[in-house]
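Me: I am new to this structure. Please walk me through its charged side-chain contacts and the terms used for them.

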Amino acid sequence: MRIVLGVGGGIAAYKVASLLRLFTEAGHNVTVIPTEASTRFVGTATWEALSGNPVSNSVFHDVHQVNHVRLGHEADLVVVAPATADLLAKAATGQAGDLLTNTLLMAHGPVLFAPAMHTEMWQHAATRANVETLRGRGAAVLEPATGRLTGADSGPGRLPEPEAIFAAAMALVEGRQDFQLPLAGRTITISAGGTREPLDPVRFLGNRSSGKQGVALAVAARNAGANVRLLAAHMEVPPPAGVEVVQVETALQLREAALAAAADSDVVIMSAAVADFRPAEVSDTKIKKRDDRTDPVITLVRNPDILLELVELRNSTVRGEGHQLIVGFAAETGDSDGDVLAHAEAKLQRKGCDLLVVNHVGTDKVFGQDTTSVVILARSGSDPQEASGTKTEVSAAIISRIAFELNAVSPRA
Ligand code: CTP
């Protein structure tokens, strides 16, 4: 596929190098057209090296090739990222002062704008009108991500992560109407991995969680356009790019991080394996074998139930239930008191979360494996939903269920 990648003059231009790589690695032929202003952020040499094609934004370069007409005509897809307020205005009013704006006027295939600018610029009536105009003409304008902006403030206006723009672009080319990122503008906090509860400076009580499921969820949420915060307890896999990572070790640290992160999260997913108990005392020095041959006894105390606290906190705020979606995980084996689903139903009611993702565990199942099978239970009482496959596929199913629930209870502003 022939792709024209227009790069606007915003700080997020540096992220577009990753987007270009995603396109070229997928086998597409990409011509990059940076605006004059964008070359102050990323130089043309970067685009030439990464795309393998010559780069210019002048209509007076290679005039014999009539690039100002040809590039738009030949492109199967035009993507503009970051689409600044200035570029959106130029596109909406049909200006043709450089090669990129000429190409936009000549584009025959789908055109995707991935905006990035300060929140106030994004929300300004002029920008709103330009976006509406472009959408009215059939262009696809993504909702920006929400989160930290270039300065100290945060809000909607961040460039969606390259993987999310890539996913939207491919959906658009396939002719899908749902190219819009389902979690654009949403902030999702995901806990992952397993907590470690120290006994002494060298020992801890841990569990077998690898963090793969939590990381796969973070990737799926990021690719759906969300601003993702990963609360990472001990993990055997690295955190993905494009997500904010908060490292934690113990259940108490995770509790603190989760309660803080929940304050501005649309969704909290507790996929970490949290130790239910911790040693009552942590020795400052290594616990040694004793000469009298008596063995130490470890007393355990209960850790707070973070999921339960998150639900209580959410329900006690002014906006109350409905403004934040809380998702728990349950690892169940089933026993003489009930099967896996019976235990899970009871847990869902006990914890009061909105969705509970149920894993059937045994020693060889789930932990550290790449494939899994889950059932998603909803407190609203809808039928249990099954999902199975790789952790990536299962995570995509969980995230799209979350997006569905979220958009049903609190449609995007
Ligand atoms: N969880 C939590 N805080 C804890 C323990 C668990 O937030 N102290 C969360 C997990 O992240 C998961 C859910 O609660 O989302 C279920 O955890 P699980 O260990 O299966 O449930 P328990 O409450 O420990 O129930 P039981 O021991 O009876 O199975």
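**Salt bridges**

Reply: The count comes to 20 salt bridges. A salt bridge is a side-chain nitrogen of Lys or Arg within 4 Å of a carboxyl oxygen of Asp or Glu. This is a predicted model, where local features need pLDDT of at least 70, side-chain atom pairs count only at pLDDT 80 or more, and totals for chains, interfaces and linings use all residues. Residues are numbered from 1 along each chain as its sequence is written, and side-chain values use heavy atoms, with hydrogens and water left out.

Me: What makes arginine 70 and glutamate 74 a salt bridge?

Reply: Their N to O distance is 3.1 Å. The limit is within 4 Å, so the pair qualifies. Arg2 joins Arg70 and Glu74 in a network of salt bridges.

Me: Why is arginine 70 called partly exposed?

Reply: Its relative accessibility is 27%. Buried means under 20% relative accessible area, exposed over 50%, and partly exposed in between (1.4 Å probe, protein chains only). Arginine 70 therefore counts as partly exposed. Glutamate 74, at 30%, is partly exposed too.

Me: Why is glutamate 143 called buried?

Reply: Glutamate 143 has 18% relative accessibility, so it falls under the 20% cut-off. Its side chain meets that of arginine 135 in a salt bridge, at 2.9 Å from N to O. Arginine 135, at 26%, is partly exposed.
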